[in-house]
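I opened the model to look up its pockets, its helix packing and its backbone exceptions. My notes follow in the order I took them.

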Amino acid sequence: MNQPDLSVEIGGISLKNPVMSASGCYGYGKEYGAFYDVEKLGALVVKGTTLEPREGNPPPRIVETAAGILNSVGLQNPGVEYFINEEIRTFSGSSIPLIVNIAGNLEEEYIRLAEKLDPVKEVSGLEVNISCPNVKKGGMAFGTDVECAHRLVKGVRAVTSKPLIVKLSPNVTDITGVALAAQEAGADALSLINTLLGMAIDIHSRKPVLGNVLGGLSGPAVKPVALRMVWQVSEKVRIPVVGMGGIMTAEDALEFIMAGASAVAVGTANFINPLAIPDIIEGIAGYMIENNIREFKELIGAARKGA
Ligand code: SIN
């Protein structure tokens with residue numbers, strides 16, 4: 001069999017393969033250029049970008065756990081102006097879609113970010129982060145309330161024609177309510193899950209380990225929860241879902257795709273294996289060849305049939 005067709009479209013963004021970087025775990029892409037050609041990615045999703053530069057939370061900001069990591073970075077980033085004036089240069093001439101994750105404390109901040117990024121031709125789409133658990137105001141607060149989520153996405157939708165992928169929080173009782181609200185407000189796609197709220201305690205100092213006390217858990221520990229949420233959401237919405245949460249291997253990625261995800265994002269795995277993304281792309285292609293599947297799209301939601 002010839003090379004299978006791995007292409008897929010996510011809310012108007014054409015991807016040559018379904019594997020993208022998860023925001024915050026891949027810098028601005030150039031950090032991984034020493035290991036392989038970043039143009040291999042389906043799409044590059046960059047770190048959460050805010051209106052103003054942010055220093056982030058006090059250290060320690062990362063803790064290893066038994067099967068993942070807790071982070072409380074607090075959206076450290078150089079701000080949207082720096083991103084547009086400096087970082088963006090790295091992407092001119094790139095052939096892969098660049099998706100910018102936008103975050104803020106206030107609804108107006110998201111709207112201004114979308115306005116600023118709308119004319120930037122290098123940007124293929126916006127990932128609207130309504131799920132960061134590490135900021136005192138905004139972030140996850142928008143993604144845990146159906147009405148707030150709806151209002152915010154509607155506001156952003158009104159000021160940009162770029163495709164919007166809304167990133168959902170798992171820290172809710174029913175993720176489908178927020179998913180439907182985002183769709184109804186004009187989202188072109190959804191991405192899920194962001195991290196699960198957690199913490200660690202140092203028994204010697206008898207204090208929380210993270211400087212910010214609470215953090216977000218990612219890595220293999222969250223995979224079954226993320227997979228369940230992708231299954232539940234893709235059953236309810238008509239827009240594409242990007243699945244993420246503990247994807248370490250091609251087998252993990254295929255589970256998300258068979259649950260209904262049209263694409264996947266890889267985060268924590270990059271810290272353990274810098275080649276995780278190309279390995280996963282190759283693994284998906286290998287699975288398709290072994291199983292005589294020509295088009296990747298045939299695999300989307302494959303486990304739903306008859307379930
Ligand atoms: C952070 O910067 O604290 C993490 C971002 C996120 O979880 O969205």
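**Entry 1: the largest pocket.** I sorted the lining of the largest pocket by class and got 19 nonpolar, 19 polar and two charged residues. The model is a predicted one, and I read every entry here with that in mind. For the space in the largest pocket I noted about 640 Å³. Its lining is made up of 40 residues, and Ser23, Gly24, Cys25, Lys47 and Asn71 are the ones that lie nearest the centre. I then looked up which elements give two or more residues to this lining, and they are strand 4 (44-49), strand 6 (68-71), strand 14 (215-218) and helix 8 (269-272).

**Entry 2: the second largest pocket.** I put its volume at about 160 Å³. I listed the lining of the second largest pocket as Ile62, Glu64, Thr65, Ala66, Ala67, Gly68, Ile69, Pro220, Met248, Thr268, Phe271 and Ile272. Which element supplies the largest share of this lining? I found that strand 5 does, with three residues. Strand 5 covers 62-65, and along with strand 6 and helix 8 it is among the elements that each supply at least two residues. By class I counted eight nonpolar, three polar and one charged residues in the lining of the second largest pocket.

Entry 3: Rolling a probe the size of a water molecule over the atoms shows where empty space is left. I got one cavity of 30 Å³ or more. The volume of the largest cavity is about 30 Å³. Its lining consists of Met20, Ser21, Val45, Ile99, Glu127, Ile165, Val242, Met244 and Ala265. I classed the lining of the largest cavity as seven nonpolar, one polar and one charged.

**Entry 4: helix 7 against helix 9.** I took helix 7 as residues 250-259 and helix 9 as residues 276-290; they pack at about 65 degrees, and their axes are 8 Å apart. Are the two helices roughly parallel or roughly perpendicular? Angles from 65 to 115 degrees count as roughly perpendicular, and helix 7 and helix 9 are therefore roughly perpendicular to each other. I noted the hand of their crossing as right-handed. On the helix 7 side the contact uses Ala250, Ala253, Leu254, Ile257 and Met258, and on the helix 9 side it uses Ile280, Gly283, Ile284 and Tyr287.

**Entry 5: helix 6 against helix 7.** I then turned to the other contact of helix 7 on my list. Helix 6 spans residues 223-236, and its axis comes within 8 Å of the axis of helix 7, with a crossing of roughly 25 degrees. From helix 6, I noted Lys223, Ala226, Leu227, Val230, Trp231 and Ser234, which meet Asp252, Glu255, Phe256 and Ala259 of helix 7. The classes in the contact of helix 6 with helix 7 are six nonpolar, one polar and three charged.

**Entry 6: helix 2 against helix 4.** I found helix 2 (residues 107-117) packed on helix 4 (residues 146-159) at an angle of about 25 degrees, with 8 Å between the axes. That angle makes helix 2 roughly parallel to helix 4. The crossing of helix 2 and helix 4 is right-handed. Glu107, Tyr110, Ile111, Ala114 and Glu115 of helix 2 meet Arg151, Leu152, Gly155, Val156 and Val159 of helix 4. I divided the residues of the contact of helix 2 with helix 4 into six nonpolar, one polar and three charged.

**Entry 7: backbone exceptions.** Most residues other than glycine have a negative phi, and most peptide bonds are trans. I looked for departures from this. The peptide bond from proline 59 to proline 60 is cis, and its omega is near -10 degrees. I placed proline 60 in the loop between strand 4 and strand 5. Leucine 192 and isoleucine 193 are also joined by a cis peptide bond, with omega about 10 degrees. Isoleucine 193 lies in the loop between strand 10 (189-192) and strand 11 (196-198). For arginine 206, a residue other than glycine, I noted a positive phi near 60 degrees. I found arginine 206 in the loop between strand 12 (201-202) and strand 13 (207-208).

Notes
Residues numbered from 1 in each chain as written. Predicted model: local features only at pLDDT ≥ 70, side-chain atom pairs only at ≥ 80, totals over all residues. Heavy atoms only, no water. Axes fitted to C-alpha atoms, helices over the stretch in contact; angles between N-to-C directions. Helix = DSSP H or I, 4+ residues; strand = E, 2+ residues; numbered from the N terminus. Parallel < 35°, antiparallel > 145°, perpendicular 65-115°, else oblique. Left-handed = near helix turned anticlockwise from the far one by under 90°. Contact = heavy atoms within 4.5 Å. 1 Å grid on protein atoms, 1.4 Å probe; cavity = no way out; pocket = protein on both sides within 12 Å on 5 of 7 lines; lining within 4 Å. Points joined across faces, edges and corners; volume = space filled by probe spheres on them. Nonpolar A, V, L, I, M, F, W, Y, C, P; charged D, E, K, R; others polar.
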